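Hi,

Here is the structure I said I'd pass on. Have a look first, and my notes follow below.

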Amino acid sequence: MGKHKVFISFRGEDTRNNFTSHLQKALKVKHIKTFMDDKSLRRGEEISGSLLRAIKKSKLSIIIFSPNYASSKWCLDELVKILDCKKKRRQLVVPIFYHVSPSSVRNQNGSFGSALDEHARREKKKRVKKWKDALKEAASLSGWDSQTIWPESKLIENIVEDVSNKLDEISSTAALCGLFAITLSSAAMGASVS
């Protein structure tokens, strides 16, 4: 099927069969290849190697923050990896706040605060701190808020348009860089022949 361009991070129990599946379908209609995990990938506690590779190979990641997102260690580990790729690979990140406010994610209150408190009882402090830092960073990015755009179909339409434009920019930049590299290479070859 070729490489996907967009990785979608989401809490399955919250959005798999509604918002996320509709978003994935709308992206597919625009010929944007996505990676959305299936239920069979979640057998272990640790994030799988195939999922890490999928995140790493994506051009853009969509993070769908929903009420139970932070209750999943898996989702939080995905988030940390996505932000790592943002820093190291310049991957674009688009947060979506689905039935949660950006400030609840950023300030880790409400369901996010409760989930992190629960993790703090069972996990190492260093791991929980990484999750908290990642949530704060991601929630500070410009994104989409389901509480401000209605109906949901309009929200999805806006997100798909935004993602499509961002991917077009990436492709244009890559093409320009490739053309620049060819021009430099040709110039260097011409200089060495003279």
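What pattern does the chain follow, read along the sequence? The answer is β-α-β-α-β-α-β-α-α-α-β-α, with helices (H or I, at least four residues) and strands (E, at least two) taken as DSSP runs numbered from the N terminus. That gives 7 helices and 5 strands.

Some housekeeping: this is a predicted model, where local features need pLDDT of at least 70, side-chain atom pairs count only at pLDDT 80 or more, and totals for chains, interfaces and linings use all residues. Residues are numbered from 1 along each chain as its sequence is written, and side-chain values use heavy atoms, leaving out hydrogens and water.

Of the 194 residues in the chain, 41% are buried (under 20% relative accessible area, with a 1.4 Å probe and protein chains only).

Now the rings. The whole structure holds 5 aromatic pairs: Phe, Tyr or Trp rings (the six-membered one for Trp) with centres within 6.5 Å, called stacked if the planes are under 30 degrees apart, edge-to-face if over 60, and tilted for the rest. F7 and F35 are stacked, because their centres are 5.6 Å apart and their planes sit at 10 degrees. F7 is in strand β1 and F35 in strand β2, 28 residues apart. F7 is also buried, at 1% relative accessible area.

F65 and F112 pair edge-to-face, 6.3 Å centre to centre with 65 degrees between the planes. F65 belongs to strand β3 and F112 to helix α5, so the pair ties together parts 47 residues apart in sequence. F65 is buried at 0% relative accessibility, and F112 is buried at 0% too. Ring pairs also join F65, Y69, F97 and F112 into a cluster.

Cheers

Conventions: Buried means under 20% relative accessible area, exposed over 50%, partly exposed in between (1.4 Å probe, protein chains only).
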